[in-house]
Amino acid sequence: MCEYKWIAGSKERIRRSLGGTGACERTECLLLILSYSQQILWIKATMEFSSKDMALRAQKKILSKMATKASVQMFIDDTTSEILDELYQVSKGFSGNKSEAQKVIKDLIKIAVKIGLLFRNNRFSTEELGVATEFKKKLHMGAMTAISFYEVDFTFDKDVMEEILNSSRDLLLKLVNAHLTPKSHGRINHVFNHYSNPDLLAKLYDPSGPFRPNLTKICKGLNKLVDEGTI
C-alpha cells in the first residue's frame, strides 16, 4: 500500500465513510480515483499540450481496474446491472468455470466503459459515428429478436442469433479500431464469441432447460431498456 502513502489520511476517512474495513473493494476503487486524479492534475500542469490524451488514458486505466461488481453500479444503471448478473450466472452454469464467467463479464464492462469514455471525449469521427449508429440499430434488433424467441416457444433460431451477434462484434471492432489496443479488441472477441456459442444459445433457449429463469430476467430487463430507448 506504499503507493497510496501520500493519501493515508484520505484512505482512513474513506473507509470510515463506507462503514469500515468490510468495504475494501470500494475503498480501493476510490483510492484509485484519488491517485489518478492527482496524476491528471500533474499532467495538466506540466504537459498541457498533451493533457487531454493523457487524461483520457488515465481515465481508461482507472475504470479498467474498477470493473468489479461493487464498482459497476457507479457507472451502469440498475437494469443493465441485473442483466449482467444473469449473463454471469448463465456463463458460469454453462462453462462450469467461475473464473471464466467472471472474466467474460469483466471484459464486457471494460469495453463498455472505454467506449463510453471515447464518446464523452468526442473521439469518434463522422464516419465512425455512422458505424456507431449501425451498431446501435443492430443491438436494438438483437434485443427484440432475443425477446421474441423467448416469448414464443420453439421459434428460437441459433443461426439468426449467431448472425446478429457476429455482425454486432464486427461493427464494434470497426468502431474502435483506431482507438483501442489489440488487447481491447481481444476482449470484444472474447465476449461476443462466448455468447454466440451455439451450444450456449441452445441451452439458454431450451423452454425446459436450467437457464429458463435467467432468460426470463434477461428478457424482462431488455424489454425495459427498449421501452426506455436505451437500446
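Where is Asn122 found? In this predicted model, Asn122 is found in the loop between helix 6, which covers residues 98–120, and helix 7, which covers residues 126–151.

Most residues other than glycine have a negative phi. Asn122, although a residue other than glycine, has a positive phi near 55°. With a relative accessible area of 67%, Asn122 is exposed, because the cut-off for that class is a value over 50%.

Phe154 is likewise not a glycine and has a positive phi, here of about 65°. Its place is in the loop between helix 7 and helix 8, the latter formed by residues 158–176. Phe154 is also exposed, with a relative accessible area of 74%.

## Aromatic pairs and a cluster

The structure holds 4 aromatic pairs. One of them is formed by Phe156 and Tyr205, whose rings are stacked, with 4.6 Å from centre to centre and 5° between the planes. This pair links distant parts of the chain, since Phe156 is in the loop between helix 7 and helix 8 while Tyr205 is in the loop between helix 10 (198–204) and helix 11 (212–228), and the two are 49 residues apart.

The two partners fall into separate accessibility classes: Phe156, at 23% relative accessibility, counts as partly exposed, whereas Tyr205 is buried, with a relative accessible area of 7%. The value for Tyr205 is under the 20% cut-off, and Tyr205 therefore belongs to the buried class. Together with Phe149, the residues Phe156 and Tyr205 form one aromatic cluster.

Just after helix 5, Gly96 takes a positive phi of about 70°.

Definitions and conventions. Residues numbered from 1 in each chain as written. Predicted model: local features only at pLDDT ≥ 70, side-chain atom pairs only at ≥ 80, totals over all residues. Heavy atoms only, no water. Helix = DSSP H or I, 4+ residues; strand = E, 2+ residues; numbered from the N terminus. Buried < 20%, exposed > 50% of the residue type's maximum accessible area, 1.4 Å probe, protein only. Phe/Tyr/Trp six-rings, centres within 6.5 Å; stacked < 30°, edge-to-face > 60°.
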